[in-house]
Each structure stands twice: as structure tokens, then as C-alpha cells.
Amino acid sequence: MRGRDRPMVATPVTWDEVAACRRANQLTFTTADVLDRVDEHGDLFAGLEQTAAPLPQR
């Protein structure tokens, strides 16, 4: 949570949400929002380890 009068949390968003966003406050979330988002969208980080690009080798 961020230390503010109205604490916000960081959470992943979908590309569709980014494309539809017209104002920054459309993509701000509280702790209660995050729980609703998981119910609606599932775990947006699920499967991320399978899509990660390999790190460059020295």
C-alpha cells in the first residue's frame, strides 16, 4: 500500500484496460478493488514464468 490519505495499491492490469484508459485515476486501485479484480480477471501473473524472455548471457 502507498502511504497516502487514500492508500492505493499496485496491481497488474490488462492491455485492454490500458487501451481504454482516458484518465490516470481509471487505473488506481484500493485493497478492496484488488480482491474484486482477482475475482473478475483471475491471477494476471499466472503463466508469466512460461512467457519470460531469457536473460542476456555475458
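**Close-up views of a predicted model**

**View 1. Thr 11 and its contacts.** Apart from neighbours within four places in sequence, Thr 11 is in contact with Phe 29, Val 34 and Arg 37, contact meaning heavy atoms within 4.5 Å. This is a predicted model, in which local features need pLDDT of at least 70 and side-chain atom pairs count only at pLDDT 80 or more, while totals for chains, interfaces and linings use all residues. Residues are numbered from 1 along each chain as its sequence is written, and side-chain values use heavy atoms, with hydrogens and water left out. Thr 11 lies in the segment before α1; helices are DSSP runs (H or I, at least four residues), numbered from the N terminus. Thr 11 counts as partly exposed, at 23% relative accessibility; buried means under 20% relative accessible area, exposed over 50%, and partly exposed in between (1.4 Å probe, protein chains only). From C-alpha to C-alpha, Thr 11 and Asp 33 are 9.6 Å apart in space and 22 residues apart in sequence.

**View 2. Arg 37 and the ring of Phe 29.** Arg 37 belongs to helix α2 (residues 31-41). The charged end of Arg 37 sits over the ring of Phe 29, 4.5 Å from the ring centre; the rule asks for NZ of Lys or CZ of Arg within 6 Å of the ring centre and within 35 degrees of the ring normal. Arg 37 is buried, its relative accessible area being 8%. Not counting residues up to four places away in sequence, Arg 37 touches Thr 11, Pro 12, Val 13, Glu 17, Phe 29, Gly 42 and Leu 44.

**View 3. The salt bridge between Arg 37 and Glu 17.** A salt bridge is a side-chain nitrogen of Lys or Arg within 4 Å of a carboxyl oxygen of Asp or Glu, and the count by this rule is 1. Arg 37 forms a salt bridge with Glu 17, with the closest N and O atoms 2.7 Å apart. Glu 17 lies in helix α1 (residues 15-20) and Arg 37 in helix α2, so the pair ties together parts that are 20 residues apart in sequence. Both Arg 37 and Glu 17 are buried.

**View 4. Ala 52 after helix α3.** Ala 52 is found in the segment after α3 (48-51). With 55% relative accessibility, Ala 52 counts as exposed. The C-alpha atoms of Ala 52 and Ala 19 are separated by 23 Å, the two residues being 33 apart along the chain.

Definitions and conventions. Helices (H or I, at least four residues) and strands (E, at least two) are DSSP runs, numbered from the N terminus.
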